[in-house]
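Hello,

Here is the structure you asked about. Please open it next to this email and follow along.

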Amino acid sequence: MDKAQQILKSVYGYDSFRPLQKEIIDYVVSGHDALVLMPTGGGKSVCYQIPALMLEGVAIVVSPLISLMKDQVDALQANGIAAEAMNSNNDEHVNRAIRERCQQGELKILYISPERLLGEIPWLQQYVHVSMFAIDEAHCVSQWGHDFRPEYTQLGTLKDSFPRIPILALTATADKTTKADIIEQLRLSEPRVFISSFDRPNLSLDVRKAYRKRDRIRTILEIIARHKNESGIIYCLSRKGTEEMAAELKQYGISAGLYHAGLSAQERTQVQDDFINDHIHVICATIAFGMGIDKSNIRYVIHNNLPKSIESFYQEIGRGGRDGLPTETILFYNLQDLITLRKFAEESGQRDINIEKLKRMQEYAESQVCRRRILLNYFGETSDCSCGNCDVCKNPPQHFDGTIIVQKALSAIKRADEQAGFTLVTDILKGSMSPAVVAKGLHTLKTFGAGRDITAGDWHAYLLQMLHRGYIEIAYNEDSHIKVTPLGEEVLFGRKQAELAVIVREDLRVTKRKRHEQLPDSSDQMQTADQQLFEKLRELRLTIAREIKKPAYIVLSDKSLQSLAMMKPTNLFLLGNCFGIGEHKKNQYGDRFVELICRHLGVERSPEPFEPIEDLPFPDAIDAPIENRNSKNVLSYMHQQKQLHANAYTPWSDEEDSTLRFLHRQGKTIKELALILQRNEGSISSRLRKMGII
Ligand SMILES: [Zn+2]
């Protein structure tokens, strides 16, 4: 095992690197500059933290947000790494102490804000052995980027002051121009550019079109119920929208936190802290919420309204599922939002760009092909296969000849002299005597009530489709009245046929139980785990979090808890093999978790094995000469393994071999294979090696 791999296991408790991480680490450790483009949640921080631990001296990490620094430092300290943050929130004597520790070489990682760093350069040059620089959120250096910060531009001087020290620039968003600009501004020398895939396969993608408020609330309540005691964000377009949503949820006994720009800074910090520390689980927020939050276990992100661009949308859903576990995202899409956003775009300084961005967002919502493909193509990645984790893939749209439906709608629009908005058009089609209909005398039209057999919600959805297919357009400058396009006239006069997609509202009909089976939520992976034990583990995590006054996910991630619930380790050694539990966490909290698990199982704590698992080549170890181990220990170890893995030490059958080969080809991890085949992970790896598969 090489050093980086060792650190990954012993410090972070992970078995394997995520794509590109290892290449980046090796490159930086060998003393080169690099630019890393990785999506939020792609595992950026490991790329500079591991080199920081491998290289001699202190790594300086530039980060623009104090809250983000705090979170990162907390997480590092929880893994036993000497890290600190130097910023304006600290008292001067705290900063002095930090300086002292840097000079003594006690710290491995120092987080610092860009403006602070510039002032500290002479001190760093004179007294500190700097190992590397990591510039996080590096797009802030570019005026082309969406988040330009003037103090970042001066970071170019770093190269003059420290010509030999490697600089690693990292960002989650950068188009071509921004990328080139980062390299130029930071004066990176012959940097290698690492671009990781922007795909986040653990985020499910789902769009619900033309939902009435009642159905929307019902859907949201279902999601919240499915994720009891788990965190989620509901994004709304306006401050008023967040307040209404929170009030609505309150009626159903759900107390959601509120977050928007109208609150004081203090109130905002409080809500954010409550959310991070799991005092509140649901947040109703405007897009102001989320910058600087590194909470790894957000299990769903709902967009109550259409976002203004795919960039914002992807950034917002990207806040979910950073731990890599299944996470739901749902976007509600309706005509009113489209009209409101179009108005914002018209009034914005950059009309054409913003209208174009909104159009792309609309295309995403109306997509008839895999939605992930649309997103990845938008970010310049070509993807030609279907993801299987979006609503289009799961429920491919069915089409039918909708000529008559389209003609009815077009005729109603024409007969109202193209002076009606979509609500009024729906009223005419439905034959509803609304005040607006009566006031304008529209109930005398020939088409009045011609579409009575279709629900108002479905008419809304058909009108959205007609808009997207170019049969109608909205005159945004004329009270958003609907107009018939030349293409629409072709259909109206029977010269062209119109295809429509069948409207699926399955989720409103199926029972909750069935839904649960269909959706890949986090509890699916818990099938084999013990839900009761999981809840107990979660409680213990919360207790510890409160004791040490840190967020629960800093103690252990959700994925680690799941791993514990599945593996049920009954001693520290086995606990150390669970996901995300490094040496430090094992020593800090291991005993308490092991005791809880033993209590839950009603068993005694198993003895710790004499030697680490890697030294016991399974399953052949049995016949091998045993050195430095007495037989009693090995027997008790075997017994313990037998208890944990029913098939441990039984010979492999041909059938089992072919199952193993099949499941491995399907991409199952060693851990999953061990679970399914009820064998120890070591035994699985050794069998795979024997079969020449790995
Ligand atoms: Zn898909």
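Start with how angles are taken: axes are lines fitted to C-alpha atoms, for helices over the stretch in contact, and angles run from 0 to 180 degrees between N-to-C directions. Helices (H or I, at least four residues) and strands (E, at least two) are DSSP runs, numbered from the N terminus.

Two notes on the source. This is a predicted model, where local features need pLDDT of at least 70, side-chain atom pairs count only at pLDDT 80 or more, and totals for chains, interfaces and linings use all residues. Residues are numbered from 1 along each chain as its sequence is written.

Now the helix pair. Helix H32 (residues 670-677) packs with helix H33 (residues 681-690) at about 105 degrees. Their axes are 8 Å apart. H32 and H33 are therefore roughly perpendicular (angles of 65 to 115 degrees; under 35 is roughly parallel, over 145 roughly antiparallel, the rest oblique). Contact means C-beta atoms, placed from the backbone, within 7 Å. H32 brings Ile670, Lys671, Leu673, Ala674 and Leu677 to the contact. H33 brings Glu681, Ile684 and Ser685.

H33 also has buried residues: Glu681, Gly682, Ser683, Ile684 and Arg687. Buried means that 20 or more other C-beta atoms lie within 10 Å of the residue's own, with C-beta atoms placed from the backbone (12 or fewer is exposed, in between is partly exposed). These residues pack against helix H31 (654-665) and H32. Gly692 follows H33, with a positive phi near 75 degrees.

Go next to helix H1 (residues 3-12). Which of its residues are buried? They are Ile7, Leu8, Val11 and Tyr12. Seen down the axis of H1, they fall within an arc of 105 degrees (taken from the directions from the helix axis to the C-beta atoms), so they line one face. They pack against helix H3 (44-54). Just after H1, Gly13 has a positive phi of about 75 degrees.

Last, the sheet. Strands pair if DSSP finds at least two bridges between them. Here 6 strands form an open sheet, in the order S8-S13-S12-S9-S11-S10, with parallel pairing. S8 (203-209) and S10 (257-259) stand at the edges with a single partner strand each, so one side of each has no neighbour in the sheet. S10 pairs with S11 (residues 282-285) over 3 bridges, in the parallel sense. Tyr259 stands opposite Ala285 in S11. Helix H12 (residues 265-276) lies across S9, S10 and S11, at about 135 degrees to S10.

Best wishes

Note on methods: Two residues are in contact if their C-beta atoms, placed from the backbone, lie within 7 Å.
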